[in-house]
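Colleague: I'm new to this one, could you walk me through it?

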Amino acid sequence: MSDGLIRCNWRGMAGDPLYEAYHDQEWGVPERDPVALWEKLVLDGFQAGLAWITILRKREAFRAAFAGFNPEAVARFGETDRARLLADAGIVRSAAKIDAAISGARIFLDMREAGEDFSTFLWSFTDGRPIQTFREGLADVPAETPLSREISAALKARGFRFAGPVIVYAFMQAVGMVNDHLVSCHRHAGVLEMGG
């Protein structure tokens, strides 16, 4: 921590500029854009079984491979695109996760067509406001919660895959639906104010 800032003590973050920037500028900041939320859900799905830093380092390659996470474009992906993605060493080459991303784009568009905004849908679970926590250490941060189980069930009911309660809780933390910056972290107070 050469900059002297106290951060959440995530394993492997200290001294990694990419990881520290993500923690300081993105993680926990309330995201309301529906496409950005869908992108993050897809990336969290790709993270399953891997460390987030692995996905973070590949994020730009994912964006290039998935047409900038434009749901209209991804929804039109066919077998040629699927083969291209499976051959792309820049991303995580999992057929199941690739298929889930493509079908997720179609579900996103189906929801929108039916008048259901993805952001409004997700944020309705927290009454539109971030949940504020005051956790002292990483051991206090749960892997999942009753609410993440509820949201997971709602996503799965719509057909989303790789949206289990642990993935959903990581997603909730990342997009600011819950502020899980530790109270000692320099970002806790600032993210707390954003939820006001």
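Modeller: What follows goes through the pockets and then the aromatic rings. This is a predicted model, in which local features need pLDDT of at least 70, side-chain atom pairs count only at pLDDT 80 or more, and totals for chains, interfaces and linings use all residues. Residues are numbered from 1 along each chain as its sequence is written, and side-chain values use heavy atoms, with hydrogens and water left out.

Colleague: What volume does the largest pocket have?

Modeller: The largest pocket has a volume of about 610 Å³. Of the 24 residues lining the largest pocket, those closest to its centre are Trp-27, Gln-47, Trp-52, Ala-170 and Gln-173. A pocket here is an open set of points on a 1 Å grid where a 1.4 Å probe fits, with protein on both sides within 12 Å along at least five of seven lines, and lining residues have an atom within 4 Å of a point.

Colleague: Which helix gives the most to that lining of the largest pocket?

Modeller: Helix H9 gives the most, with six residues, and H1 (17–25), H2 (34–47), H3 (52–65) and H9 (165–174) each supply at least two. Helices are DSSP runs (H or I, at least four residues), numbered from the N terminus.

Colleague: And how do the residues of that lining of the largest pocket divide?

Modeller: They divide into 18 nonpolar, two polar and four charged.

Colleague: Switching to rings, how many aromatic pairs are there?

Modeller: The count comes to 14 aromatic pairs, where rings of Phe, Tyr and Trp (its six-membered ring) pair if their centres lie within 6.5 Å, and planes under 30 degrees apart count as stacked, over 60 as edge-to-face and the rest as tilted. The rings of Tyr-22 and Trp-52, for instance, have centres 5.5 Å apart and planes at 40 degrees, so this pair is tilted. Tyr-22 in helix H1 and Trp-52 in helix H3 are 30 residues apart, and the pair links distant parts of the chain.

Colleague: Are Tyr-22 and Trp-52 buried or exposed?

Modeller: Both Tyr-22 and Trp-52 are buried, and buried means under 20% relative accessible area (1.4 Å probe, protein chains only).

Colleague: Which rings are linked into a cluster?

Modeller: Ring pairs link a cluster that includes Trp-38, Phe-46, Phe-62 and Phe-108. Trp-38 and Phe-108 are both buried.

Colleague: What lies over the face of Trp-123?

Modeller: Arg-32 does, at 3.7 Å from the ring centre, given that a charge sits over a ring if NZ of Lys or CZ of Arg is within 6 Å of the ring centre and within 35 degrees of the ring normal.

Key. Grid points are joined across faces, edges and corners, and a volume is the space filled by probe spheres set on the points. Ala, Val, Leu, Ile, Met, Phe, Trp, Tyr, Cys and Pro count as nonpolar, Asp, Glu, Lys and Arg as charged, and the others, Gly among them, as polar. Buried means under 20% relative accessible area, exposed over 50%, partly exposed in between (1.4 Å probe, protein chains only).
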